[in-house]
Amino acid sequence: MPSTEELLKRLGVSIDPETLRLALTHRSYAYEHGGLPTNERLEFLGDSVLGYAVTDHLYRTYPDLPEGDLAKRRSAVVSTRALAGIARSLDVGQHILLGQGERLTQGADKSSILADTMEALIGATFISEGPDTAQALVMRLVGPLLLDVENLGAGTDWKTAIQEISAARKLGNIEYAITGTGPDHARVFEATLNIGKTSYGTGTGPSKKEAEQEAAAVSYRLLVPSASNDSAGTSTDP
């Protein structure tokens with residue numbers, strides 16, 4: 001396991017070793033090692049800190065935007081896809097403690113695991129350094145995305161966009177192949193978009209709807225390369 005010192009440098013925070021290890025402990029690793037504590041409580045905390053920090057920033061920065069537009073901007077930067085992109089840019093995956101099954105299936109690069117771990121790291125920062133530092137971390141992480149939120153597709157219904165492209169190009173029938181893994185209380189879905197006989201993007205999420213939207217977003221960028229160029233620097237890999 002690589003040293004976590006470099007990860008902390010990239011995050012720009014100090015997290016005590018025990019809390020940091022907990023933030024990086026996926027449930028698959030915990031279960032294989034006798035039921036160790038997992039990072040899910042820190043993830044729960046980090047999700048709230050993330051939502052509050054982004055909401056506070058949007059409310060203060062855009063005093064004239066209606067609630068609906070604020071919500072769309074927030075959802076774009078706290079999505080699984082956005083958080084996973086941030087995690088990849090920080091090489092978080094190499095530090096996550098995973099069980100053998102997840103390691104064999106490249107769990108360190110799964111969007112859902114990466115996004116959950118980012119939230120756990122935010123929660124760990126809150127515990128170790130307090131709310132102000134945690135909020136500052138959030139803004140460092142998502143600030144660039146907020147400045148270019150339209151490139152993340154805020155408010156875009158990607159499934160509808162795919163339907164329009166498919167119809168215009170006569171590509172064939174659209175189908176989302178969906179699989180689910182994990183226990184009922186922490187189910188993760190993976191969707192792959194198939195158009196005609198061709199498979200395009202894959203997405204993951206805590207619900208079938210979110211997984212399909214992510215798959216559609218990734219596929220859109222494959223079908224419309226200029227969209228990927230416009231979003232340079234933002235990962236859209238599943």
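## A salt bridge to start with

D109 and R88 join their side chains in a salt bridge, at 2.8 Å from N to O. (A salt bridge here is a side-chain nitrogen of Lys or Arg within 4 Å of a carboxyl oxygen of Asp or Glu.) D109 sits in the loop between α7 (100-104) and α8 (111-129), while R88 belongs to helix α6 (residues 80-89), so the pair ties together parts that are 21 residues apart in sequence. Helices are DSSP runs of H or I with at least four residues, strands are runs of E with at least two, and both are numbered from the N terminus.

How exposed are the two partners? D109 is partly exposed, at 39% relative accessibility, and R88 is buried, with a relative accessible area of 16%. Buried means under 20% relative accessible area, exposed means over 50%, and partly exposed lies in between (1.4 Å probe, protein chains only).

## About the model

This is a predicted model, in which local features need pLDDT of at least 70 and side-chain atom pairs count only at pLDDT 80 or more, while totals for chains, interfaces and linings use all residues. Residues are numbered from 1 along each chain as its sequence is written, and side-chain values use heavy atoms, with hydrogens and water left out.

## The whole protein

Let's step back to the overall picture. The protein has twelve helices and three strands, and 47% of its 238 residues are buried. Its accessible surface is about 12,100 Å², and carbon and sulfur atoms account for 51% of that area. These areas come from the Shrake-Rupley method with a 1.4 Å probe; for residues, only the protein chains shown count as cover.

Contacts tell us about the fold along the chain. Of those between residues at least 6 apart in sequence, 59% join residues at least 24 apart, where contact means heavy atoms within 4.5 Å.

How many salt bridges does the rule give? The count is five. Among them is the pair E40 and R27, whose side chains meet at 3.3 Å, N to O. E40 lies in helix α4 (residues 40-61) and R27 in helix α3 (residues 27-32), so this pair ties together parts that are 13 residues apart in sequence. E40 is partly exposed, with a relative accessible area of 24%, whereas R27 is buried at 13%.

Another salt bridge brings together the side chains of K159 and E212, at 2.6 Å from N to O. This one links distant parts of the chain: K159 is in helix α10 (residues 158-169) and E212 in helix α11 (residues 208-223), 53 residues apart. K159 counts as partly exposed, at 23% relative accessibility, and E212 is buried, with a relative accessible area of 14%.
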